[in-house]
Structures are given as C-alpha cells and as structure tokens.
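Here is a short briefing to read alongside your viewer. Have the sequence and the model open as you go.

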Amino acid sequence: MENIGALAILLAFCFAVYAIVGSLVGKWAKRPFLTLSAERAVYSVWALLTAAASILIYSLIKGDFRMAYVWATSNHTMPTPYKFAAWWGGQEGSLLLWSWLLSTYAAIIVFQNRRKFREMMPYVVSVLMFTQTFFLILNGFVASPFKMIAAGRGIVDIGDGQGLNPLLQYWTMVIHPPMLYLGYVGFIAPFAFAIASLATKQRGDAWIHTTRRWTLVTWMFQTTGVLLGMGWAYAVLGWGGYWGWDPVENASLLPWITATAFLHSVMMQEKKGMMKVWNMVLVSSTFFLCIFGTFLTRSGIVQSVHAFSEGPIGKYFVAFMVIGISGTVYLILSRLEYLKSESQMESVLSRESSFMFNNLILLAGCFAVLWGTLFPVITEAIMGEKISVDKPFFNRVNIPIGMFLLLLTGVGPLIAWRRSSFESLKRAFMWPAVLGLMVSMGLFAAGIRSFYALMSFGLCAFVLVTVALEFYKGAKAISGKSGRNLLVSMFELTHRNTRRYGGYLVHVGIVILFVGFTGAAFNKDTTVELPQGGTMQIGAYTLRVVGYEEGENANYSWGRPKIAVTKNGEELPMMMPEQRFYFASQTPTHDIALRRRLNEDLYINYAGPGNGNNNVILQVYVNPLVSWVWIGYWVVLIGTIICLVPSKTKLVFPRTEVVGIAGKRAGAEKHAKTEG
Amino acid sequence: MMLLAAAVLLIALTVLFTFSIRAKDMPAPEPVSPTRHLDERRAAIYENLRDLQFEYRVGKLSDTDYQQTKLGLQKELAGVLSEIEKVTSGVKPPSKPAPAPAPKVVLTCPHCDAKFAKPMKFCGECGKAMS
C-alpha cells in the first residue's frame with residue numbers, strides 16, 4: 001500500500017515536470033498537442049496525489065503503525081476525526097496536504113479555462129506546476145509521509161502510535177489548517193495569471209477579471225483560517241488570549257495584509273487603469289509571503305507553539321523563494337512598458353488617494369509585523385544571539401496603524417472617485433464625525449481613560465455611521481424612484497452592486513472585530529492557589545472551590561476542580577476547568593472553563609495542583625467584548641459571500657455627451673445596456 | 001503480485017490519459033480582438049460614469065464636482081473611442097483631439113434644470129420625462 005503511495009508521488013513529480021516543459025515548448029514551438037497534453041498532465045497530478053493522500057488517510061484511520069508518520073501522529077485511542085486530522089498534524093502529512101490542495105486548485109483552473117485564455121494558459125500551467133514540482137520534491141525526496149519504521153533488516157509494526165499532539169486534539173484544529181492552507185495555496189491562481197499576463201505582454205486587465213472571484217474566495221479562506229486559529233489559541237492554550245504575536249500567527253497575518261491591500265488597489269486598476277506595477281508587486285508579495293509562512297512553520301528558524309521540528313527543509317524553501325522572486329522581479333522590470341498607468345491621480349481629496357493611503361498603511365503594518373517576526377533571525381545573523389521582540393513591541397507599533405486603518409475604512413466610502421471638493425466632504429463627514437466624537441466623549445464621561453480605547457470606539461462609531469449612511473442614501477434614492485420601502489430598496493441596492501455593498505458589510509465586520517480587540521484594554525487577570533472551600537474575587541465575580549473530580553479514559557487522565565461562581569451575588573452555573581494528561585505522548589494539556597457573554601468572558605484555567613493538600617492553582621481572566629471578535633468574523637464572512645454574488649444586471653449606462661473626435665461613435669453607444 | 005499489477009495499472013492509466021489526445025479534443029482557437037484592452041477600458045469608463053451618476057443622485061457630490069468629473073470621464077472616453085477607431089479602421093487620428101464644440105443648449109429639464117444639447121424624451125440626469 002505505502003509503496004503505491006510513494007509511487008504515486010513519484011509519478012506526480014514526473015507529470016508535473018512534464019507539464020512545465022510541455023506547456024512551454026508547446027507554446028514556443030506552436031505545438032497545441034503538447035500544450036493540451038501538459039494540461040492533461042495537471043489532471044493526472046491531481047489524480048495521483050489524491051491516490052497518495054487517500055492511502056495516507058486510510059493508513060492513519062486503520063492504524064498502520066509500520067509507517068513512521070502514522071506512528072508519530074496517530075494511535076488507537078484517538079477519535080476518528082482526529083485520526084483524519086492527523087493528515088496535517090505532522091510535517092510530512094501537512095506538506096502532502098499543501099501539494100494535494102495545490103493540485104486540486106490547478107486542476108480547477110485548467111478545467112475552468114480549457115477554452116479560454118489560450119495565450120496565457122501555457123504560462124499559467126507552468127507557474128502552477130513549477131510550484132507543484134517544488135512541493136513534490138519535498139513530498140517525494142525530503143519529507144516523505146510513506147517512510148517505514150525499520151529495525152535491523154526488516155520493517156516492524158510498533159503496535160500503537162504516539163498520537164496527535166494533544167494541543168491539536170481540538171475541534172477547530174480539524175478545520176483550521178485546511179482553511180488556512182486553502183487561503184495560502186489559493187493565491188497561486190492570481191499570481192499564476194499575473195505572471196502569464198506579464199509573459200504574454202498583455203496590456204489589459206484580463207488576469208484581474210479572471211481571478212477577481214478567486215482572490216476573494218482565497219481571502220475568505222485565509223480570514224477563516226486566521227480566525228479559527230485565534231479561536232483555537234483562546235480555547236486551548238490556556239493563557240487567556242487569542243493572539244500572542246507568535247511568529248507563525250504573524251506568518252499567517254502577513255499574506256492576509258498584502259491580500260487585503262491587493263483587494264483594494266486592484267479597484268484602482270479596474271476603474272482607472274492605475275497602479276498596474278503595484279498590483280503585480282502586491283499579488284506576487286502575497287504569494288511569496290504564503291510560501292514564507294509555510295517556510296517559517298517548517299524550518300524551525302523561529303520558536304513557536306506551531307512550529308514543526310527543525311530539519312533540512314528550510315534550505316529548499318529558501319532556494320524556491322530566491323528563484324521565484326528573482327524570476328518575478330525580472331519579469332516585472334522587463335514588462336514595465338506594458339504596465340504604464342492609463343490615467344493620473346487628479347486630486348488628493350479622492351477615493352484613489354484614500355486607497356493609496358490604505359495600501360501604504362497596510363504595507364507599514366505588514367513590514368512592522370515582518371520586522372518583529374524576523375528580529376531574532378536578524379539579531380542572530382548580526383550579533384550571534386537571538387533577541388526576540390515581545391507582545392508590547394507589536395502592540396505599540398500596530399495599534400496606531402490599526403487606528404489609522406480604521407479611520408480610512410470610514411473615510412474611503414465618503415470620498416468620491418477622482419475628486420471631492422471641501423463642500424462635498426464637509427457634507428459627507430459632518431454626521432459621522434459628530435457621532436464618533438459623541439461616542440468618545442460619552443465613554444470619557446463614563447470613566448474610560450484609555451486613550452486608544454476612546455479613539456477606537458469613536459472611530460468604530462464613525463465608520464458604522466458612514467456605512468449606515470451609504471446604505472440609507474442609496475436605498476432612499478432607489479425607494480424614491482421605485483416607490484418600494486427602504487428595506488426592499490436596501491436589498492435592491494446591494495443586489496445592484498454586490499461588490500461595493502458586500503464590501504461595506506465586510507467593513508462593518510472589521511469594525512465589530514475592532515470593538516472586540518479594544519475590549520483587551522480592560523482585561524483583568526489573576527493567578528491564585530486556593531484550598532477546597534477557598535474563595536477569590538475578580539471584577540464582579542466571586543469564585544469558590546467546592547470540590548474536585550478526577551478520572552481517565554483510554555486517551556488521557558483528567559482532574560478538574562468544581563468552581564461555584566456568583567456575579568454580584570447572583571449564582572451562575574458551576575464551572576469546571578480541566579487538566580489532562582495524555583498517555584501516549586506523556587503530555588499535559590488544559591481544557592479551560594469559559595462563560596461567554598456579549599459584554600465579557602469569564603475564563604478559568606486549571607494550571608494544576610498547588611503545594612498544599614488538595615489545593616488548586618487557578619488562572620482567572622475576565623475578558624470584555626471578546627465575543628464581538630467572533631461575531632465580527634461572521635459579518636466579514638457574510639459580506640464576502642455577498643461580494644461573490646453576481647451583481648444584478650439591467651443597469652442602463654448614463655447618458656453621455658461625448659466630446660471630441662469619437663463623438664459620433666459614442667453617441668451611438670450611449671443608449672447601450674451593460675451586464676453589471 | 002497484486003502490488004505490481006496496481007503499480008502498472010496506475011502508470012498505464014495516467015500515461016494513457018495524458019497523451020491520448022484526439023484531434024477533436026483540441027480547443028478551437030480564440031477570436032483575437034486587437035482592441036480587447038481598449039474595449040475593457042471603455043466598459044470601465046461607462047461603469048465609472050454610471051457610478052458617478054449614482055453618487056451624485058445620493059448627494060455625495062456637489063454639482064461642480066459632478067460636472068467636472070463627468071467632463072473628465074467623457075474626455076477619457078473620447079480618447080479611448082478614438083484609439084479603438086484608429087485600431088479598427090487603420091486611420092491615424094489627429095495628434096490632439098479636436099476641441100469640444102460649444103454645447104448648444106436646446107432643452108432644459110423642467111424637474112432638475114439639467115441642460116442638454118439635443119432633444120430627449122427623458123432627462124439624462126434625473127430620469128424624469130422632459131415634457
């Protein structure tokens with residue numbers, strides 16, 4: 001069985017190499033047979049990797065402990081979903097997941113475009129398969145998941161495995177890595193089309209139109225992956241937070257930031273034919289940051305809760321990135337003539353300039369996170385000693401950047417494309433600014449003194465009002481014309497331009513996320529050792545240890561104190577945080593007790609038994625507004641899905657009186673209708 | 001033996017699928033449009049004009065901003081259409097676009113006072129009947 005798996009990977013590698021050569025030679029020598037067979041090879045790669053992945057999954061679920069990977073990540077006592085999740089629980093398996101997802105995306109791209117973009121497709125296929133070949137080298141020759149455990153001259157069956165890392169035995173971990181990988185891998189599509197567009201010297205924006213939805217879906221997966229990771233960290237790691245600026249967390253954030261910048265700046269290219277070079281740079285940076293993120297997780301160059309063990313794999317990633325980045329830079333520089341802007345910025349007070357600022361700020365944030373993440377590597381290279389920067393550095397740098405981004409989220413929709421006079425701006429900004437200020441002043445009067453919290457809540461109100469006004473004014477205009485009520489008109493408005501109004505909803509989601517983040521300014525925490533019957537106070541809560549339970553199952557043993565909780569004298573349900581000890585891996589973990597409410601979470605972690613007889617050590621946190629982080633994510637998701645819905649058609653072009661040489665032709669066109 | 005058979009089958013199937021290409025499998029050549037990117041640009045300008053009109057209707061733009069931006073877009077459209085004509089007809093356009101003729105106002109909308117050079121049934125600005 002494992003031999004077939006290894007053979008499938010080897011064959012997939014051969015077909016991937018053939019696809020690169022076949023598509024390029026077919027294109028240059030004008031041999032369409034070769035081009036088509038190269039596209040067929042992409043399907044073959046997918047089929048072979050599906051076979052290899054199926055064999056690995058079967059071995060994990062069946063428990064074939066002759067295989068080193070199965071032994072290291074699975075055991076008999078694990079529930080079946082975790083046995084399945086063991087596919088990406090270790091280095092070799094997760095690299096196979098990367099490869100398989102890439103081949104799936106590649107097969108979809110080739111199928112979707114089997115009759116379109118014949119000029120570009122050979123280059124698209126070669127970029128896809130070049131990346132695929134790199135991962136297949138890792139799967140086949142560096143980190144094979146089909147290695148066997150040998151003793152003496154024979155293969156041995158150990159009988160049972162070590163099992164999945166207990167920290168990964170949590171429900172979000174079953175979906176978090178695939179989601180994040182779907183995001184990471186998905187950026188190959190816009191990147192491949194961008195490179196193909198450069199290679200074929202396209203002047204138009206075909207690559208952007210083709211990959212618009214793809215980019216959004218990928219961004220959605222990335223957002224979901226990052227948020228699921230936050231949910232996992234909050235519920236499993238037991239330190240009371242959801243984001244610790246861990247290098248691998250940062251690595252997942254970096255491509256998300258550049259992808260967000262790309263989603264905005266691409267509109268400049270579509271609307272005005274501007275920023276073509278910048279968009280190429282952004283889409284390439286996003287793709288290579290995805291590879292960089294994978295490299296950080298696997299190379300062991302930084303210390304992280306997520307990192308796999310250090311191995312020789314890092315140098316392969318470095319080689320791939322050096323080749324890929326050099327090729328991309330060369331292509332961009334050699335095609336500058338085809339990337340000239342078709343129009344200029346007309347005014348500083350315009351939507352264009354707000355997008356430019358948005359891009360600059362996002363890039364500043366990206367650079368700050370990258371700098372902080374790589375600081376230990378840089379200091380080691382220069383001073384021979386690893387110096388890490390911690391949470392305060394990231395917060396100090398990124399909170400002002402976040403505030404500025406939040407401001408731009410509100411400012412952007414208020415400013416018109418091309419130019420806005422002060423008169424228009426005054427009219428547009430007055431109510432949102434007044435209400436934002438009122439919120440900040442109201443909170444100040446209520447006793448809040450944190451400068452950033454006041455600013456953040458004020459800006460959140462400002463952005464919410466701008467978005468609400470956008471919906472209201474648009475719906476009112478439609479309602480005035482059609483006579484339908486405001487709610488129906490709002491649906492109509494969104495349906496007419498799903499991309500714009502879906503985007504506004506995403507902004508609302510981001511605002512809600514910021515509300516949740518701002519709650520961290522008011523966090524309370526304490527660590528106490530309590531005897532049986534002992535009590536403690538945190539915020540409005542009183543906690544009393546009233547008992548202790550322990551037991552075991554086949555996978556782990558557990559102990560949990562029973563904690564009676566009252567809030568302002570009112571009795572709440574009993575909370576029982578748990579400490580587990582997994583037998584196979586001999587590792588302790590924590591299963592926290594959490595009381596989620598919209599205003600605040602009560603979070604209790606049982607750190608272990610104390611020094612005294614029957615004493616327990618509790619870490620208790622009161623985290624205000626955390627639930628809004630998860631709610632914000634759902635709003636972002638809904639907004640993104642709306643963006644993906646095709647806009648309603650039937651919109652008539654505005655009547656235009658075209659002046660100049662082509663007036664006659666334009667006159668004939670001015671009654672034309674468009675497909676939205 | 002089974003293993004060998006499975007391996008041979010895997011290789012045979014994938015090789016056969018990849019290389020057994022018949023003439024009818026070849027995709028038809030795409031029609032090549034020399035003005036494709038100009039057509040895309042033209043569509044983008046029309047969309048910009050439509051957005052502009054909507055933003056004006058919802059009160060996001062002052063009259064001056066609206067008129068200035070609209071004129072800018074119209075000029076841009078004229079340039080793109082001229083380029084398209086140049087490519088499709090092979091006729092070289094003059095180096096500078098001809099100056100815009102002074103609009104001759106013949107009709108004013110009774111509802112919004114927008115002025116038009118040609119008679120129209122419905123107003124191009126507010127959409128209401130001109131009569």
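The crossing of α10(A) and α11(A) is left-handed, meaning that the near helix is turned anticlockwise from the far one by less than a right angle. This is a predicted model, in which local features need pLDDT of at least 70 and side-chain atom pairs count only at pLDDT 80 or more, while totals for chains, interfaces and linings use all residues. Residues are numbered from 1 along each chain as its sequence is written, and chains are lettered from A and ligands numbered from 1 in the order in which they are written.

**The α10–α11 pair**
- Helix α10 (residues 247-272) and helix α11 (residues 276-299) of chain A pack at about 165 degrees, with axes 9 Å apart.
- That angle makes α10(A) roughly antiparallel to α11(A) (over 145 degrees).
- Their contact divides into 16 nonpolar, 9 polar and 1 charged residues.

**Around Ile313(A)**
- Ile313(A) lies in helix α12 (residues 313-334) of chain A.
- Ile313(A) counts as buried because it has 21 C-beta neighbours inside 10 Å (the cut-off is 20 or more).
- Beyond its neighbours within four places in sequence, Ile313(A) is in contact (C-beta atoms within 7 Å) with Leu138(A), Val142(A), Ala143(A), Arg298(A) and Ser299(A).

**Where chain B meets chain A**
- On chain B, 52 residues are in contact with 54 residues of chain A.
- Helices α1 (2-19), α2 (36-57) and α3 (63-89) of chain B each supply at least two residues of the side that touches chain A.
- That side of chain B divides into 24 nonpolar, 14 polar and 14 charged residues.

Terms used: Helix = DSSP H or I, 4+ residues; strand = E, 2+ residues; numbered from the N terminus. Buried ≥ 20, exposed ≤ 12 C-beta atoms within 10 Å, placed from the backbone. Contact = placed C-beta atoms within 7 Å. Nonpolar A, V, L, I, M, F, W, Y, C, P; charged D, E, K, R; others polar. Axes fitted to C-alpha atoms, helices over the stretch in contact; angles between N-to-C directions. Parallel < 35°, antiparallel > 145°, perpendicular 65-115°, else oblique.
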